[in-house]
Amino acid sequence: MAAACREQLLYFARLSEQAERYDEMAAHIEQAVRLDDDLSLEERSLLSVSFSNAVGQRRAAWRALKSFEERGEARDSAEEAAWRRSYRGRVEQELRQICGTILGLLGSNLIPNASTTTAKLSYLKMKG
């Protein structure tokens, strides 16, 4: 049963990648890792792509918001400035959550349970 469920999660991760829905892709991969943390090369690639793109989207959003903030500081009211900071804070929180998730998976599941040296090196590279 768990193998079928894992295969379904990996299938949905691949579908999510094709649809460029990286948050969903990351969630499917995370669930698959929690069922069995011995990932194939393709599955390690899915893991890397999902979290890299989920983080990349937030980093791009943060840069755009920061740039907008720097351009509009002099013209905006105090209320608008507070709204901007609040919105940027939400993006920062999402970044912290995504990074915490992948670092947690790497530290508690994937690195300690890596079955091959290649897999372990791949996870350590992801960790940074």
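1. Buried here means under 20% relative accessible area, exposed means over 50%, and partly exposed lies in between (1.4 Å probe, protein chains only). This is a predicted model: local features need pLDDT of at least 70, side-chain atom pairs count only at pLDDT 80 or more, and totals for chains, interfaces and linings use all residues. Residues are numbered from 1 along each chain as its sequence is written, and side-chain values use heavy atoms, with hydrogens and water left out.

2. Start with helix H4 (78–110). Helices are DSSP runs (H or I, at least four residues), numbered from the N terminus. The buried residues of H4 are Ala81, Arg84, Arg88, Val91, Leu95, Ile98, Thr101, Ile102, Leu105, Leu106, Asn109 and Leu110. They pack against helix H2 (22–35), H3 and H5. H4 has 33 residues and reaches 46 Å from its first C-alpha to its last, close to the expected 48 Å. The expected span is 1.5 Å times one less than the number of residues.

3. Helix H3 (41–72) is next. Its 32 residues should span 46 Å, and its end C-alpha atoms are 46 Å apart, which agrees. Among its buried residues are Glu43, Arg44, Arg58 and Glu69, along with Leu46, Leu47, Phe51 and Val55.

4. The largest pocket holds about 200 Å³ of space. A pocket, on a 1 Å grid over the protein atoms alone, is an open set of points where a 1.4 Å probe fits, with protein on both sides within 12 Å along at least five of seven lines; lining residues have an atom within 4 Å of a point. The volume is the space filled by probe spheres set on the points, which are joined across faces, edges and corners.

5. Which helices supply the lining of the largest pocket? H3, H4 and helix H5 (117–127) each give at least two residues. The largest share, five residues, comes from H3. The lining includes Leu47, Phe51, Cys99, Ile102, Lys125 and Met126.

6. Ser16 lies in helix H1 (residues 2–18). Is Ser16 buried or exposed? At 6% relative accessibility, Ser16 counts as buried. Beyond its neighbours within four places in sequence, Ser16 is in contact (heavy atoms within 4.5 Å) with Arg21, Glu24, Met25 and His28.

7. Rings of Phe, Tyr and Trp (its six-membered ring) pair if their centres lie within 6.5 Å; planes under 30 degrees apart are stacked, over 60 edge-to-face, the rest tilted. The count is one aromatic pair. Tyr11 and Phe12 form it, edge-to-face, at 6.0 Å centre to centre and 70° between the planes. Tyr11 is partly exposed at 48%, and Phe12 is partly exposed at 35%.
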